[in-house]
Amino acid sequence: MRISVLASGSNGNAAVVEADGTCLLLDCGISCRQLVTRMQALGIDPGRIDAVLLTHEHDDHVKGLEVFLRRHPVPVLATAGTVQGMAAPPAGAEALTPGREVRLGALTVLPVPTSHDAREPVGFVLENDGYRVGYVTDTGVVTQLLVERLAGCHALLLECNHDRDMLRVGPYPWPLKQRIASRTGHLSNEQSCGALERLVHSGLEVVVGMHLSQTNNSPHLVTRELAAVLSGSGVRLAVASQQAALVVERGAGPVPG
Ligand SMILES: [Zn+2]
Ligand SMILES: [Zn+2]
């Protein structure tokens, strides 16, 4: 299994998951042009995408979808709430039900509810040939259910949105600060580290910090804090960004795209 995080952050999110000939796009929140450019740079033919899965309807997760589907009319899978929340819902979107696993070619996908100010947001646990990947961003808390579903994952792509102090003293207006820090906002580094402490196990290979705020966080800070939790575990660590792709491959990587 190979996961290529094409972009991650509040300006746009998209990732490609490949396994044994199956190719899925998780979110489509960058322009179609950017998406295609970044995929091609990694040797991924956009025509190979079998389906698009959406975490939720926020613009930074769907804004490139309409144009992408015009060029590559593939099935879209999203929760009913996500489809209802979209300004331009794709025709014939297939419903994902949180907690109900779907089989898509070589991959099994389990949508897991997240806690976010969207209609029916989810994260994903993807599995191929015994290898499990957790993909969770845009959640204000790591619920007990999330911890249970992410337990045993070999790769964890987990939101590290903000440093609490940087958010508190930073330039955002007070209501936005409150929204981000709320139970339906985004995870702080501290929260992600707390979750990670519960999720480290001997089979965990790699952790990727996701959806970093460019204003209220820094890759350096995230790396330092996650490394402290993972110290001595041998788990590899990377931080995804808005500007460049990052590739995580079973038994290798992570490497910049
Ligand atoms: Zn987002
Ligand atoms: Zn969101």
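Trainee: In the loop between which two strands is the place of D20?

Mentor: Please keep in mind that this is a predicted model. D20 sits in the loop that lies between β2 (14–19) and β3 (22–26), and its phi is positive, about 45°, although D20 is not a glycine.

Trainee: Is D20 buried or exposed?

Mentor: The way to read this is to count the other C-beta atoms within 10 Å, where 12 or fewer make a residue exposed and 20 or more make it buried. D20 has 10 such atoms within 10 Å, and therefore it is exposed.

Trainee: Which value does phi of D138 take, and where is D138 placed?

Mentor: Phi of D138 is also positive, near 55°, in a residue other than glycine, and D138 belongs to the loop between β10 (131–136) and α5 (144–150). D138 counts as buried, because it has 28 C-beta neighbours inside 10 Å.

Trainee: How should I read the strands, and in which sense do β7 and β8 pair?

Mentor: As a general idea, side chains in a regular strand alternate between the two faces of the sheet. In this structure, β7 (residues 102–104) pairs with β8 (residues 107–113) in the antiparallel sense over 3 bridges, and R103 has T108 in β8 as its bridge partner. The hairpin of these strands has 2 residues between them, and there G105 adopts a positive phi near 60°.

Trainee: How many bridges join β8 to β9?

Mentor: There are 6 bridges between β8 and β9 (residues 122–128), and these strands run antiparallel; V109, for its part, has L126 in β9 as its bridge partner.

Methods. Residues are numbered from 1 along each chain as its sequence is written. Chains are lettered from A and ligands numbered from 1 in the order in which they are written. This is a predicted model: local features need pLDDT of at least 70, side-chain atom pairs count only at pLDDT 80 or more; totals for chains, interfaces and linings use all residues. Two strands pair if DSSP finds at least two bridges between them. Helices (H or I, at least four residues) and strands (E, at least two) are DSSP runs, numbered from the N terminus.
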